[in-house]
Amino acid sequence: MSTSSSETGPPDGAVAAVAPQLRELRRRAALTLEAAARAAGLSPAHLSRLETGQRQPSLPMLLALARVYGTTVAELLGEAPADRDAVVRAAEMEPTAAGGWTYRRAGAPGRGMQALRVEVPYGSQGDIVRVHPGEEWLHVLRGRLRLRLGDTEHRLGVGDGAHFDSLTPHRIAALDPEGVELLFVHTLLQSPTAALCLGPTITGETP
């Protein structure tokens with residue numbers, strides 16, 4: 001995919017619930033805008049723009065604000081308290097194919113942050129450059145991976161990991177004929193890949 005988004009663009013989807021929720025949780029914590037911003041490492045003007053929906057929060061911002069307000073990122077995103085089992089069993093990780101890759105959901109659906117086990121075959125989509133909002137973290141479980149971030153190429157082996165801003169153009173490919181298996185976490189905030197992890201069907205989009 002090659003979707004990009006301005007940080008100051010209007011919120012939609014999960015992000016739409018964040019602005020009023022941020023304001024309500026700050027008031028519930030009896031904090032002024034200035035005090036909350038200082039505790040979270042933000043400027044009052046930036047926090048004000050987050051609360052009015054003029055800016056979209058990054059995951060580090062959400063984590064900082066959740067800590068300040070004594071809550072979770074899920075509540076900041078407007079999610080109801082989880083009534084589902086927090087444990088995902090191996091037998092529940094049904095494989096789903098998309099674009100030559102195989103995905104198994106490794107975390108609960110409907111969250112602002114999604115965990116997947118991903119199998120990338122050799123020669124599959126290695127030339128596709130992806131750019132989209134959010135953050136990505138990956139950990140190599142099996143095989144060797146070629147990861148290109150911007151103009152820099154990295155080669156990762158078993159046990160290696162990477163954490164990067166998804167707006168950095170990136171490409172992922174297996175180095176060996178046996179392919180590579182990854183543990184993959186994506187924030188998905190305002191990202192077209194949300195359909196991959198959150199929706200009931202797969203449309204061919206990949207992270």
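## Alanine 30, after helix H1

Helix H1 is followed by alanine 30, a residue whose phi is positive, near 60°, and the helices and strands named here are DSSP runs, numbered from the N terminus, with at least four residues of type H or I for a helix and at least two of type E for a strand. The model is predicted, and for this reason local features need pLDDT of at least 70 and side-chain atom pairs count only at pLDDT 80 or more, while totals for chains, interfaces and linings use all residues. Residues are numbered from 1 along each chain as its sequence is written, and side-chain values use heavy atoms, with hydrogens and water left out.

Alanine 30 has this positive phi although it is not a glycine. Most residues other than glycine have a negative phi. Alanine 30 sits in the loop between H1 and H2, and it is exposed, with a relative accessible area of 68%; here exposed means over 50% relative accessible area, buried means under 20%, and partly exposed lies in between, using a 1.4 Å probe and protein chains only.

## The two sides of helix H1

The buried residues of H1 are Val18, Ala19, Gln21, Leu22, Leu25 and Arg26. Seen down the axis of H1, these residues fall within an arc of 165°, so they line one face of the helix, where the arc is that of the directions from the helix axis to the C-beta atoms. The face of H1 turned away from this buried side carries the exposed residues Arg27 and Arg28.

What covers the buried residues of H1 includes H2, H3, H4 and helix H5, which spans residues 73-76.

## Arginine 23 and its partners

Arginine 23 is found in helix H1, which covers residues 18-28, and it is partly exposed, with a relative accessible area of 26%. Leaving aside its neighbours within four places in sequence, arginine 23 is in contact with Glu51 and Thr52, where contact means heavy atoms within 4.5 Å.

Arginine 23 and glutamate 51 are 28 residues apart along the chain, and their C-alpha atoms are separated by 5.5 Å. A polar atom of the side chain of arginine 23 lies 2.5 Å from the backbone oxygen of glutamate 51.

## Helix H3

Helix H3 comprises residues 44-51, and among its residues His46, Leu47, Leu50 and Glu51 are buried. Seen down the axis of H3, its buried residues fall within an arc of 140°, so they line one face of the helix.

These buried residues of H3 pack against H1, helix H2 (33-40) and helix H4 (59-69). Just after H3, glycine 53 takes a positive phi of about 80°.

## Strands and their pairing

An open sheet of three strands has the order S6-S5-S8, with antiparallel pairing, and two strands are said to pair if DSSP finds at least two bridges between them. Strand S6 (152-156) and strand S8 (170-174) stand at the edges with a single partner strand each, so one side of each is left without a neighbour in the sheet. From one strand to the next, the twist averages 15°, with axes taken as lines fitted to C-alpha atoms, for helices over the stretch in contact, and angles running from 0 to 180 degrees between N-to-C directions. Five bridges join strand S5 (residues 145-149) to S6, the two running antiparallel, and leucine 145 stands opposite leucine 156 in S6. S5 and S6 form a hairpin with two residues between them, and glycine 150 in the turn has a positive phi of about 60°.

Strand S4 (residues 135-142) is joined to S7 by five bridges, and these strands run antiparallel, with leucine 138 standing opposite alanine 162 in S7. Strand S7 (residues 161-165) has a covered face, made up of Ala162 and Phe164, and an uncovered one, made up of Gly161, His163 and Asp165.

## The chain as a whole

The chain contains six helices and nine strands, and of its 207 residues 43% count as buried. Among contacts between residues at least 6 apart in sequence, 66% join residues at least 24 apart.

The chain exposes about 10,200 Å², of which carbon and sulfur atoms supply 52%; accessible areas come from the Shrake-Rupley method with a 1.4 Å probe, and for residues only the protein chains shown count as cover.

Conventions:
A polar contact is a pair of N or O atoms within 3.5 Å; within protein, one must be able to donate a hydrogen and the other to accept it, and residues adjacent in sequence count only if both atoms are side-chain atoms.
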